[in-house]
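Hi everyone, thanks for making the time. I'd like to walk you through one structure this morning, so please have a look at it first.

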Amino acid sequence: MTDLSRLVDDPAAWAPIHKIAGTLDKALPGIFAADYAERLEAARHRLRTATGSLAEE
């Protein structure tokens, strides 16, 4: 637990917090990667291709 455990002592309240924290730990490092802009543009291109919309915004 963290220092916040002194504020909330109900273990049931911590379950969703830990789940969200785990998801963020996996997802957030990607946006700080050196090649993030290229990966984002590739994902946008795949989405445009999949939806049939090749119009640039």
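Let me begin with Glu41, which is partly exposed, at a relative accessible area of 35%. By that I mean between the two cut-offs: buried is under 20% relative accessible area and exposed is over 50%, with a 1.4 Å probe and protein chains only.

A word on the source: this is a predicted model, where local features need pLDDT of at least 70, side-chain atom pairs count only at pLDDT 80 or more, and totals for chains, interfaces and linings use all residues. Residues are numbered from 1 along each chain as its sequence is written, and side-chain values use heavy atoms, with hydrogens and water left out.

Back to Glu41. Glu41 meets Arg44 at 4.0 Å, N to O, while for Arg48 and Glu41 the closest N and O atoms are 3.3 Å apart. Glu41 and Arg44 are about one helical turn apart, because they sit three residues from each other in helix H2, residues 36-51. Arg44 is partly exposed at 44% relative accessibility, whereas Arg48 is buried at 13%.

The structure holds three salt bridges, and one of them joins Arg39 to Asp35, with the closest N and O atoms 3.3 Å apart. Arg39 is partly exposed at 41%, and Asp35 is too, at 37%.

Now for the fold. The protein chain has two helices and zero strands; these are DSSP runs, H or I of at least four residues for helices and E of at least two for strands, numbered from the N terminus. Buried residues make up 4% of the 57 residues.

H1 has 21 residues and should span 30 Å at 1.5 Å a residue, which agrees with the 31 Å between its end C-alpha atoms; the expected span is 1.5 Å times one less than the number of residues. H1 also bends by about 30 degrees at Asp25, with Pro29 following within four residues. That bend is the angle between axes fitted to the seven residues ending there and the seven starting there.

Last stop: Leu28 lies in helix H1 and is partly exposed, at 40% relative accessible area.

Technical notes: Salt bridge = Lys/Arg side-chain N within 4 Å of Asp/Glu carboxyl O.
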